[in-house]
Amino acid sequence: MSRFLSAIRMDVTLQWRSKLYVIGIAAGVLVAIGLSQLGTNEQMYLLVPTLMLAVAGGSTLLYVAGMIIFEKDEGTLNAAIVSPLRTSEYIWSKVATLTFLATLEAAIMVGGTMLILSRTDQVTIPNLLVLVPAVLIAGVLYTLLGIILIVRYDKITDFLLPMGSIAIILQLPMLYFLGMIENPLFLIIPSSAPTMLVRGAYVPLTPAEWLYGVGYTALLLIVMIPWAFRAFNKHIIMKVG
């Protein structure tokens, strides 16, 4: 446990020095201002899930990629591998700290929007018992996905093109959740499942939608957790020897 806590402390320190908290807070504030100006309280069930998908999800992918590439460049990743720190402690430290950062970003985005809208209109408070777990799960999934992708690359510039392609696909469900194209095929895209849960914090979901959101999200976790560990072992641990 002490090694895991030390890993968390090191990751938070690196994120702080890299100004990820400043970037995340600034992004949350800017999105909150934009949301409050472009949408109404009645439209939050459409806008918040889609922007959560675009902003918090996309930024988490970039954060984890930037951290691991930085650690590769500085040699701290190799040092961590040959240290007593376990692979599981390294990966879960990244997941925990970046999920916290994504949650902070989302809290500022949602809370800031409500605060601004409350000056001119009544605001609907989302169901926090649904919203908070949904945001946490989304943060975990995007961090795991970032690890699966970035371990294959040594330079952030090599990672940007494949990440951009995947990010575009992951953002496509926003067309469905905004009501622009109501084709259920968009729900096959993995990012749709946690987005559905975020939507459930604003409007009642049908039993089928709950089953889809919870079941598909659970399946993603079952698949992505071992996948991230295998990718890290194959592309990082085995290369170091």
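1. A residue counts as exposed when its relative accessible area is over 50%, as buried when under 20%, and as partly exposed in between. Lys 19 has a relative accessibility of 51%, so it counts as exposed. Keep in mind throughout that this is a predicted model.

2. Staying with Lys 19: this residue sits in the loop between α1 and α2. Its phi is near 65 degrees, which is a positive value in a residue other than glycine. Most residues other than glycine have a negative phi. I'd have a look at that loop on screen.

3. Next, the salt bridges. How many turn up in a search of the whole structure? The search finds four. Asp 11 pairs with Lys 94, with the closest N and O atoms 2.8 Å apart. Asp 11 belongs to helix α1 (residues 2-17) and Lys 94 to helix α5, so this bridge ties together parts that are 83 residues apart in sequence. Are the two partners buried or exposed? Asp 11 and Lys 94 are both buried.

4. Lys 94 has another partner to report. Its side chain also meets that of Glu 71 in a salt bridge, at 3.0 Å from N to O. Here the link runs from helix α5, which holds Lys 94, to helix α3, which holds Glu 71, so parts 23 residues apart in sequence are tied together. Glu 71 is buried, as is Lys 94. Put together, Asp 11, Glu 71 and Lys 94 are linked in a network of salt bridges.

5. Another of the bridges joins Asp 154 and Lys 72, whose side chains meet at 3.3 Å, N to O. Asp 154 is in the loop between α6 (128-150) and α7 (156-171), while Lys 72 is in helix α3, so the pair connects parts that are 82 residues apart in sequence. What about the setting of Asp 154, buried or exposed? Asp 154 has a relative accessible area of 51%, so it is exposed.

6. On to the packing of helix α3 (residues 44-74) against helix α5 (residues 87-117). Their axes come within 10 Å and cross at roughly 145 degrees. The crossing of α3 and α5 is right-handed. Which classes of residue make up the contact of α3 with α5? There are 18 nonpolar residues, three polar and three charged.

7. Helix α9 (residues 192-199) is worth a stop too. Eight of its eight residues are buried, so the helix is largely enclosed by the rest of the structure. The buried residues of α9 include Arg 199, Ser 192 and Thr 195, along with Pro 194 and Met 196. Ala 193, Leu 197 and Val 198 are also buried there.

8. Now the surface. Which residues form a nonpolar patch there? Ile 25, Val 29, Leu 30 and Ile 33 do, with about 340 Å² of accessible area together. Val 29 falls in helix α2 (residues 20-38), and Ile 25 is found in helix α2 as well. Val 29 has 37% relative accessibility, so it counts as partly exposed. Ile 25 is also partly exposed, because its relative accessible area is 36%. An α-helix has 3.6 residues a turn, so residues three or four places apart point the same way. As for where Ile 25 sits relative to another part of the chain, its C-alpha atom is 21 Å from that of Ile 68, a residue 43 places away in sequence.

9. Helix α6 gives a couple of entries. Val 140 lies in α6 and counts as buried, because its relative accessibility is 18%. With 15% relative accessibility, Leu 145 counts as buried. How far apart in space are Leu 145 and Ile 225? From C-alpha to C-alpha they are 9.1 Å apart, against 80 residues in sequence.

10. Last one: Thr 124, which is placed in the loop between α5 and α6. At 43% relative accessibility, Thr 124 counts as partly exposed. Its C-alpha atom and that of Tyr 202 are separated by 8.1 Å, with the residues 78 apart along the chain.

Methods
Residues are numbered from 1 along each chain as its sequence is written. This is a predicted model: local features need pLDDT of at least 70, side-chain atom pairs count only at pLDDT 80 or more; totals for chains, interfaces and linings use all residues. Side-chain values use heavy atoms; hydrogens and water are left out. Patches are made of residues with over 30% relative accessible area and no salt bridge: like charges are joined within 9 Å, nonpolar side chains (Val, Leu, Ile, Met, Phe, Trp, Tyr) within 5 Å. Accessible areas come from the Shrake-Rupley method with a 1.4 Å probe; for residues, only the protein chains shown count as cover. Helices (H or I, at least four residues) and strands (E, at least two) are DSSP runs, numbered from the N terminus. Buried means under 20% relative accessible area, exposed over 50%, partly exposed in between (1.4 Å probe, protein chains only). Axes are lines fitted to C-alpha atoms, for helices over the stretch in contact, and angles run from 0 to 180 degrees between N-to-C directions. A crossing is left-handed if the near helix is turned anticlockwise from the far one by less than a right angle, and right-handed if clockwise. Ala, Val, Leu, Ile, Met, Phe, Trp, Tyr, Cys and Pro count as nonpolar, Asp, Glu, Lys and Arg as charged, and the others, Gly among them, as polar.
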